Amino acid sequence: SRNNAISAPHSKRSYIKMNVNANAPAADENAEAARRVMAAKDRPTFAEQCKTMMVQATYGTISTLHKVGEANYPFASMVELASDEQGRPVFGISTLSMHTRDLQASSKMSICVSQPGFASIQDSRFTLVGDCVKDDSPEVQKQLKEIYRQKFPNSFWLDFGDFAMYRMTNIVSIRYVGGFGRAGNVKPEEYLAAQPDPLLAFVGRVIDHMNKDHEEDLINIVNHYAPPTGTDENGLKKEIIGAKMISMDKVGMDLSVVAKLVPADPNNKPVGYEEGKEPRQNWRERLKFPFEATDRKLAKEVLVDMTKAAQEAKAKVPH
């Protein structure tokens with residue numbers, strides 16, 4: 001366990017502050033802890049987030065050049081996909097499909113991939129633009145089938161005569177959108193070299209466990225590291241009543257938070273206010289970890305540390 005106490009933030013965006021207490025560990029341990037805190041970014045890089053989404057993805061929306069009369073128009077299709085070790089999309093598609101015919105005429109294509117559970121434009125997605133081609137080499141076709149079947153082990157249809165493996169071999173442009181106010185271009189070479197998040201293999205189970213068994217702890221964590229502040233024009237303040245973890249990576253976690261609006265002054269309730277019928281507000285909160293959680297042990301450790309700090313802070317609040 002760690003002897004460094006995590007104090008309450010001075011502002012909503014200053015989530016983490018490390019204080020050294022009387023029982024502090026040795027200086028070199030303090031230096032290592034400080035180094036990890038300073039090295040931690042608010043989120044993984046855009047390239048890392050794109051690579052993680054690609055590894056997670058089981059489908060995407062492709063757009064091919066479709067000829068109508070004498071002109072070409074974008075033609076969108078939903079397809080299943082896998083990816084090679086560099087994150088280049090791999091498809092098993094049939095010549096009976098319109099998008100396959102389009103690719104036979106022109107290799108130009110884009111694909112949009114979104115985060116798991118994509119539900120709104122607040123969620124993350126990215127678009128690759130490039131050339132998608134069929135390599136007729138039997139060896140390459142076999143290799144791509146093996147890659148595809150790692151994600152879709154029962155894809156027997158790949159052996160049908162009208163199916164073949166395609167891969168986006170040339171990526172010329174990448175655009176990442178992570179929700180409101182978070183977007184940017186990613187250099188193809190940075191994407192190809194990036195690594196997916198190290199928690200990817202087990203993070204889904206962590207999220208399910210936290211949401212099922214530790215929602216009260218998540219509420220405490222939000223209240224401690226990103227407490228709602230201020231009141232609205234009616235003198236109502238936010239009182240958090242729900243928090244669910246949406247995603248988690250090596251740098252931090254995203255939560256969906258629900259609060260009811262209650263009078264900041266219980267003796268001065270606005271006209272029409274009724275207990276039990278309080279207005280609700282919902283928002284997303286990004287919380288940065290005090291250190292990078294790069295494996296299962298550190299992922300557990302960081303959540304335990306934050307939970308304990310939030311519980312201790314709550315215990316000190318006068319009731």
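This is a predicted model: local features need pLDDT of at least 70, side-chain atom pairs count only at pLDDT 80 or more; totals for chains, interfaces and linings use all residues.
Q: How many helices and strands are in the protein chain?
A: The protein chain has eight helices and 13 strands. It holds 319 residues, and 44% of them are buried.

Q: What share of the contacts joins residues 24 or more positions apart?
A: Take the contacts with a separation of 6 or more; residues 24 or more positions apart account for 64% of them.

Q: What is the volume of the largest pocket?
A: About 870 Å³. The lining has 37 residues, and Arg43, Ser124, Arg182, Ser247 and Asp254 are the closest to the pocket centre.

Q: Which elements supply at least two residues each to that lining of the largest pocket?
A: Helices α2 (46-56) and α6 (203-213) do, along with strands β11 (236-248) and β13 (280-288). Helix α2 gives the most, with five residues.

Q: How do the residues of that lining divide by class?
A: The lining of the largest pocket has 13 nonpolar, 11 polar and 13 charged residues.

Q: Is α2 enclosed by the rest of the structure or open, and why?
A: Count buried residues, meaning those under 20% relative accessible area. In α2, eight of the 11 residues are buried, so the helix is largely enclosed by the rest of the structure. The buried set is Ala47, Glu48, Gln49, Cys50, Lys51, Thr52, Met53 and Met54.

Q: Which way do residues three or four places apart point in an α-helix?
A: They point the same way, because an α-helix has 3.6 residues a turn.

Q: How much space lies in the second largest pocket?
A: About 580 Å³. Of its 23 lining residues, Asn223, Lys238, Glu239, Ile240 and Val317 are the closest to the centre.

Q: Which element provides the largest share of the lining of the second largest pocket?
A: Helix α7 does, with five residues. At least two residues each come from α7 (215-225), β11, β12 (252-263) and α8 (296-316). By class, the lining of this second largest pocket has 12 nonpolar, four polar and seven charged residues.

Q: Is Asn220 buried or exposed?
A: Compare the relative accessible area with the 20% cut-off for buried. Asn220 sits in helix α7. It is buried, because its relative accessible area is 9%. Beyond its neighbours within four places in sequence, Asn220 is in contact with Ala310, Gln311 and Lys314.

Q: How do β11 and β12 run, and how many bridges join them?
A: They run antiparallel, and 11 bridges join them. The two strands form a hairpin, with three residues between them.

Q: Which residues is Thr61 in contact with, leaving aside its neighbours within four places in sequence?
A: Thr61 is in contact with Ala76, Ser77 and Met78, and also with Ser110, Ile111 and Cys112.

Terms used: Residues are numbered from 1 along each chain as its sequence is written. Side-chain values use heavy atoms; hydrogens and water are left out. Helices (H or I, at least four residues) and strands (E, at least two) are DSSP runs, numbered from the N terminus. Buried means under 20% relative accessible area, exposed over 50%, partly exposed in between (1.4 Å probe, protein chains only). Contact means heavy atoms within 4.5 Å. On a 1 Å grid over the protein atoms alone, a cavity is a set of points where a 1.4 Å probe fits but cannot get out, and a pocket is an open set with protein on both sides within 12 Å along at least five of seven lines; lining residues have an atom within 4 Å of a point. Grid points are joined across faces, edges and corners, and a volume is the space filled by probe spheres set on the points. Ala, Val, Leu, Ile, Met, Phe, Trp, Tyr, Cys and Pro count as nonpolar, Asp, Glu, Lys and Arg as charged, and the others, Gly among them, as polar. Two strands pair if DSSP finds at least two bridges between them.
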